[in-house]
Amino acid sequence: MRVYRTEHPNPQFKRENWVNLNGEWDFGFEKANSVFNFSEDESRAARIQAINTYTRKINVPFCVESTLSGIGHTDFVSLAWYRKKVNIVKNKNRVFLHIGAADYLTTVLVNSKPAGRHKGGYTSFSFDITELCEDGENEIFILCEDSVKNPLVMRGKQSEEKESHGCDYTRTTGIWQTVYLEYTPESYIKNFRLYPDPQNCSVTLWADFEGKEDFECEVLYEGKTVGKCGRSSVCGSAFFEINLSEKHLWEAGSGKLYDIKMKFGNDRVESYFGLRKVRLDGFKFLINEKSVFQRLVLDQGFYKDGIYTAKSDREMIRDIELSMSLGFNGARLHQKVFEPRFLYFCDKAGYLVWGEYPNWGLDYSSPYAVDTFLSEWAEVLNRDFNHPSIIGWCPFNETWDYNGRRQYDALLAAVYDYTKAVDSTRPCIDTSGNFHVKTDIYDVHDYSYDVEFFRKNYEKLVTDGELYEHVLVDNPGRQKYSGQPTFVSEYGGIKWETDKSFKSWGYGEDVKTEEEFAERYCGLTNVLSENKKMFGFCYTQLYDIEQEQNGLFNYKREKKFSNEIYKKIRNANARKAAIEEK
């Protein structure tokens, strides 16, 4: 069985002493029953492990539903279990088991002893298994329980029906990101955050330590040392100010990165950062004090053979390259928490992205949703805080009524407040599209396809200070625009069918020719870039996904249009926006 994804999964927190566990695992799964309840303790995991029914082999890190996993079962799955014999050499180190992501409730046993449990299908987690393992062969058992129909389980764009439909697609069950072991000394760096300061050409480092040791940090740019700091006998957590001898700004389209090497006793950690600061100024979005018009495209992170998981670095890099080739400078990473390695490539490219959570499936009307959402969202903020490419947070998307019940407004307000308390360096959109409660940016989604109708509606923002919202036609009084900076964060979605194996789906009235597609695309896009009070746009979407065939490329990332059409799209995207003018 070919082993995929052998590279280090998190370049922002890299140790040399690690072991990739991707590849072949013993495997078994159970189809979903009509009613499924999550286990309240580890008893289910221990029971399944004892039965010893491993009928298949699976290729980790690909989900059960994907062809790359070797399983390809696309019907509902409630339980998926994995077993692997692993050789461990402690050598006086601590041993951590890391799982990039597994959907949804994950229980880990090491040598039949409980190592820990984790809720959430999109965030990374780890367990210290030092006391559970021994030198030599050890057995790791992982049980994943999932139910996309549970009102307190967030599914994102995974279909809650048996088949894909509309803008929901094939599900992802079980492990879908890299599994690996990591060895650390008894004293080690637990966590760190970086606060770049372009104005003063410096960076503030906050680090959290286990144990007490001397600490040293070196900052390099293209291999040259440009800053240092250190302190003896550090313990707990501490702040360090590092002045930089060279200023290299991280900007859109130019991801200049500084490297960091940290030493804490015998522990060694490598990372990087970009010297950039973002802030809002009236209607403008500033990056390093420069008004940058966000030319974004919707990217949902699906792959034809891997579903949620790209089979190589090349596939992830290719998506960024395709986007930038058409004049986009970033993306809304939509209804999915993208893996750290994808964000690393965004950081390197100077590619602007919004961090979002796959909130669809959650009962927003329930007060119980607060605990469920915050516990998972907190892990996203912690893991991805240091990425310069993430220029804003968007925890929710389109919080429509749930079974006729309105959203619990306190949920959105609490998540917004928590986000700002954890990270005051980035703006936060409470819920993209609707229904806003407490937000830094007031964005809207609009799939109107008549260009003149589109233009007249958004001209009112400039002439009268009124922001057009089509959702209020059927939902009056649900939200009120109060003069915040804004952009249309979903529009277009123009269907152009190329895969006849699906009954295609898209937004608005179909176009009949490539030229008509380009005319509508350019017309809608020009309306937004010409608006003096819009700081950006986000077109739906970069590539087709299954039946949703409104992408600018097909699901295989192949061209759908002639070069002349792509040239027109690129020119419309790249033209100077009104808000960028001095």
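**Figure 1. Overall view of the predicted model and its surface.** The accessible surface of the protein amounts to about 22600 Å², and carbon and sulfur atoms account for 46% of that area. The structure shown is a predicted model. Its secondary structure consists of 9 helices and 29 strands. The radius of gyration is 24 Å, close to the 25 Å given by the globule rule for 582 residues, so the protein is as compact as a globular protein of that length. Along the principal axes, the C-alpha atoms occupy a box of roughly 70 × 60 × 45 Å.

Figure 2. Of the 582 residues in the protein, 62% are buried. When contacts between residues at least 6 apart in sequence are considered, 72% of them join residues at least 24 apart.

**Figure 3. Close-up of L132 and its surroundings.** L132 belongs to the loop that connects β9 (125-128) with β10 (136-145). Its relative accessible area is 17%, which is under the 20% limit, and L132 is therefore buried. Apart from neighbours within four places in sequence, the residues in contact with L132 are V110, N111, K113, P114 and A115. Y491 stands 359 residues from L132 along the chain, and the C-alpha atoms of the two residues are separated by 52 Å.

**Figure 4. Close-up of helix α5 and the elements packed against it.** Helix α5 comprises 14 residues, numbered 409-422. From its first C-alpha to its last, α5 reaches 20 Å, close to the 20 Å expected at 1.5 Å a residue. The buried residues of this helix are L411, L412, A413, V415, Y416, T419 and V422.

Figure 5. The bond from V60 to P61 is cis, and its omega is near 20 degrees. P61 is situated in the loop between β3 (56-60) and β4 (77-88).

Figure 6. Between D103 and Y104 the peptide bond is cis, with omega near 15 degrees. Y104 occupies the loop between β6 (102-103) and β7 (105-110).

**Figure 7. Close-up of Q335, a residue with positive phi.** Q335 is not a glycine, yet its phi is positive, near 55 degrees. The residue is placed in the loop between β22 (330-333) and α3 (340-349). Q335 counts as buried because its relative accessibility of 1% falls under 20%.

**Figure 8. Close-up of N403, a residue with positive phi.** For N403, which is likewise a residue other than glycine, phi takes a positive value near 50 degrees. N403 lies in the loop that joins β25 to α5. Its relative accessibility is 65%, which is over the 50% limit, so N403 counts as exposed.

Key
Residues numbered from 1 in each chain as written. Predicted model: local features only at pLDDT ≥ 70, side-chain atom pairs only at ≥ 80, totals over all residues. Heavy atoms only, no water. Helix = DSSP H or I, 4+ residues; strand = E, 2+ residues; numbered from the N terminus. Buried < 20%, exposed > 50% of the residue type's maximum accessible area, 1.4 Å probe, protein only. Contact = heavy atoms within 4.5 Å. Rg over C-alpha atoms; globule rule 2.2 N^0.38 Å. Areas by Shrake-Rupley, 256 points an atom, 1.4 Å probe, with all protein chains shown as cover. Expected span 1.5 Å × (residues − 1).
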